[in-house]
Amino acid sequence: MSSSRGISKKFPLHIVVFLAPATLVYTLFMIYPLADSIRLSFYSADETGATYFAGLTNYIVMVTDPDWSGAFWNSLKNNFIFFCVHMLVQNPIGLLLAALLSLPRVRGRNTYRTLLFMPTMLSVVIIGFVWQLILSPLWGVSETLLAYVGLEDWFRPWLGEEGTALVTLSLISVWQFVGIPMMLIYAALLNIPDDLTEAAVIDGANHFWVFWYVKLPLILPTIAMVSILTFVGNFNAFDLIYAVKGALAGPNFSTDIMGTLFYRTFFGFQLQIGSPTMGATVATLMFLVILVGVLFYLFVIQRRLQRYTL
Amino acid sequence: MAKRTSPISTAAVHVILLGYTVIALWPIFLILINSFKTRKAIFREPMGLPSPETFTLIGFEKVLEKSSFDLYFFNSITVTVVTLVVVLLTGAMAAWALSEYRFKGSTWLALYLAIGIMVPIRLGSVSILQLIVDLNLINTLTALILVYTAQSLPLTIFILNEFMQQIPKDLKEAARCDGISEYMIFFQIILPLTRPAIATVGVFTMVPIWNDLWFPLILAPSDGTQTITLGVQQFIGQYVTDWNSVLASLTMAIVPVLILYLLLSRQLIRGITAGAVK
């Protein structure tokens with residue numbers, strides 16, 4: 001209804017001109033490859049490289065064959081741990097920083113905001129190397145720092161040990177990206193009308209009470225959105241693992257996530273030859289995991305929150 | 001209400017914020033100062049600032065000599081800038097069409113274009129690589145530009161669409177009454193009005209492209225087409241034991257981004273805080 005020209009019988013040329021370039025590039029380089037990857041995951045290749053339809057064989061192999069399933073379930077589990085560390089550490093810290101920044105009359109809040117967001121702007125690869133150096137036992141910077149507080153015995157080569165490498169990498173990623181939840185939550189807090197909080201303050205409530213009982217319930221939708229962004233972002237964590245640990249995600253695959261598994265399956269490594277069809281299978285499985293997460297968010301969390309805020 | 005804030009709690013707030021700021025900046029700072037020190041000083045006094053005795057530029061000299069950092073920079077800038085221009089122009093056009101004209105299937109098209117916000121484009125890499133090989137674009141910057149354009153369009157269109165819906169109707173209707181063509185309305189009236197949103201979207205688009213490792217690694221890994229992120233990754237892999245070179249190459253990758261960030265930070269932060277209003 002906004003345009004009388006838009007309802008003419010012949011489809012107006014200018015609409016096509018406006019929409020065509022973006023739609024074409026997007027379709028050709030995003031939607032087509034995604035759809036084609038899903039198609040490829042139902043195919044197999046013989047020795048000559050010719051592909052043939054194989055139904056669900058690749059999927060069955062991936063989740064049950066001993067050569068594949070170990071790596072697959074391991075990477076899925078690691079992805080889940082990676083996500084949990086972000087949910088338990090990154091988002092609470094982001095919430096705390098945002099809550100402090102949004103308090104009335106905090107001097108220098110713009111400077112804090114700018115500086116706290118800085119690591120987020122840098123390349124994951126660079127950050128990976130920076131922390132690799134800092135945690136390196138060769139350099140000993142971390143050990144020295146721990147010694148200041150008398151904890152030098154705690155120092156371990158965290159990135160090199162099977163039991164701690166994944167959590168350490170997750171924390172590096174948390175350190176880098178804590179700015180994102182902080183900013184989004186901060187923005188949501190700024191949008192809360194003052195009269196809502198002032199009423200509580202006049203009744204004698206302190207800032208903590210106001211935050212917990214007035215502001216926090218109001219920003220729950222933002223927290224849900226931050227969570228789903230964290231979930232999807234999780235599947236882009238390839239860069240960090242690859243930079244710090246290489247495609248083999250050592251030690252002993254303890255930092256292998258679905259992104260690195262995808263890369264190895266597709267391009268091959270050591271004795272295993274790369275397989276586009278198996279690679280497509282891993283990608284489609286990642287797609288399914290993301291889909292489940294996004295649908296859960298849309299149909300369970302968001303619905304419930306809407307009812308709650310109304 | 002601010003009068004109620006006691007000095008103690010104000011101090012506590014600043015202690016926490018300052019503490020976390022130190023945690024956020026210290027690792028970067030440590031890399032920067034050590035890249036200007038001799039190898040001996042790096043290990044003996046890692047926390048110390050470079051002094052006249054320990055100052056050296058040897059790392060930077062080695063990096064410039066052994067790698068083509070200038071070329072990597074040039075590649076990254078080319079890819080980022082060209083993508084940015086293409087995305088902003090085509091994205092703004094599409095967003096305008098979706099927000100302004102009602103036509104059959106416009107809602108579906110908007111939904112279709114939004115799929116890419118939630119689905120990472122990397123999942124299509126197997127077919128993207130095949131497609132790029134078929135198009136004979138492997139190891140070209142064009143391949144990266146096309147893929148990054150597709151990657152950035154969904155969010156760009158989504159944000160600009162929201163923004164354009166707020167443009168007052170009278171402006172467009174007045175122009176239409178004067179018989180100005182739809183193209184002129186877009187380019188001369190709408191595009192200039194969209195500038196603040198375009199700047200925000202621009203920063204959002206730029207950062208992931210500049211920092212990406214995945215697509216340069218699989219689509220353009222050859223020597224002449226490496227971007228800065230891939231170049232640094234390969235360089236460090238090769239000279240991992242040469243601490244001067246490693247620290248210098250990290251510094252060279254960090255500093256330009258930090259300078260650009262400090263210049264644009266106000267714009268960026270305003271964009272994030274405005275974008276989250278919904």
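In the predicted model, 71 residues of chain B are in contact with 75 residues of chain A. On the chain B side of this contact, helix H1 (residues 7-34) of chain B supplies the largest share, with 11 residues. The side of chain B that touches chain A is made up of 51 nonpolar, 14 polar and six charged residues.

Chain A itself contains 14 helices and four strands. For its 310 residues the globule rule gives a radius of gyration of 19 Å, whereas the value for chain A is 24 Å, well over that figure; chain A is therefore more spread out than a compact globule. Along the principal axes, the C-alpha atoms of chain A fill a box of roughly 80 × 75 × 35 Å. Buried residues amount to 39% of the 310 residues in chain A. Among contacts in chain A with a separation of 6 or more, 65% are between residues 24 or more positions apart.

Helix H3 (residues 66-101) of chain A and helix H11 (residues 220-233) of chain A have axes that come within 10 Å and cross at roughly 140°. From H3(A), the residues Phe83(A), His86(A), Met87(A) and Asn91(A) take part in the contact, and they meet Val226(A), Ser227(A), Thr230(A) and Phe231(A) of H11(A). The residues of this contact comprise four nonpolar and four polar residues, with no charged ones.

Conventions:
Residues are numbered from 1 along each chain as its sequence is written. Chains are lettered from A and ligands numbered from 1 in the order in which they are written. This is a predicted model: local features need pLDDT of at least 70, side-chain atom pairs count only at pLDDT 80 or more; totals for chains, interfaces and linings use all residues. Axes are lines fitted to C-alpha atoms, for helices over the stretch in contact, and angles run from 0 to 180 degrees between N-to-C directions. Helices (H or I, at least four residues) and strands (E, at least two) are DSSP runs, numbered from the N terminus. Two residues are in contact if their C-beta atoms, placed from the backbone, lie within 7 Å. Ala, Val, Leu, Ile, Met, Phe, Trp, Tyr, Cys and Pro count as nonpolar, Asp, Glu, Lys and Arg as charged, and the others, Gly among them, as polar. The radius of gyration is taken over C-alpha atoms; the globule rule is 2.2 Å times the number of residues to the power 0.38. A residue is buried if 20 or more other C-beta atoms lie within 10 Å of its own, exposed if 12 or fewer, and partly exposed in between; C-beta atoms are placed from the backbone.
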